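Trainee: I'd like to learn how to read a fold from its contacts and helices. Can we walk through one together?

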Amino acid sequence: MDPNRNQATDARLERIHSAFELIRIKDREMPGQVVSCFLYVASHDGCHKQAMEHELNLTSASASRNTDILSKGRFGRESKGLGLITKEKDSTNRRKQILTLTPAGKDLAKQMKTIIYG
């Protein structure tokens with residue numbers, strides 16, 4: 001392979017790509033929508049799931065599916081979640097869920113920031 005064909009032409013975007021690849025280590029087939037949800041929670045830790053749905057233009061079902069993947073997974077399902085976020089009922093409004101990073105999620109976000117910002 002010609003060495004010039006694999007040279008990064010934009011160092012900033014290359015760092016973002018490398019950070020993105022960190023989350024894909026957990027699941028090589030991870031959809032981009034799941035990554036968007038993780039990045040939203042990482043940048044809005046403690047947000048309501050409904051706020052994420054609105055900001056990312058997701059249906060409630062899609063947001064639930066994506067946050068199930070990022071959390072411990074769905075009850076009764078064979079697939080295990082990634083354990084990067086938690087989903088808890090809001091004590092002031094039981095119809096809403098609060099999304100927070102787990103220690104593993106915080107660590108991943110920190111690693112991604114280190115790659116991007118140095």
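**Reading the fold**

Mentor: Start with contacts, meaning heavy atoms within 4.5 Å. Among contacts in the protein between residues at least 6 apart in sequence, 45% join residues at least 24 apart. This is a predicted model: local features need pLDDT of at least 70, side-chain atom pairs count only at pLDDT 80 or more, and totals for chains, interfaces and linings use all residues. Residues are numbered from 1 along each chain as its sequence is written, and side-chain values use heavy atoms, with hydrogens and water left out.

Trainee: What pattern does the protein follow along the sequence?

Mentor: Helices (H or I, at least four residues) and strands (E, at least two) are DSSP runs, numbered from the N terminus. Here the pattern is α-α-β-α-α-β-β-α, with five helices and three strands.

Trainee: Which residues of α1 are buried?

Mentor: Buried means under 20% relative accessible area, with a 1.4 Å probe and protein chains only. In α1 those are Ala19, Leu22, Ile23 and Arg24, and they pack against α2 (32-43) and α5 (103-117).

Conventions: Buried means under 20% relative accessible area, exposed over 50%, partly exposed in between (1.4 Å probe, protein chains only).
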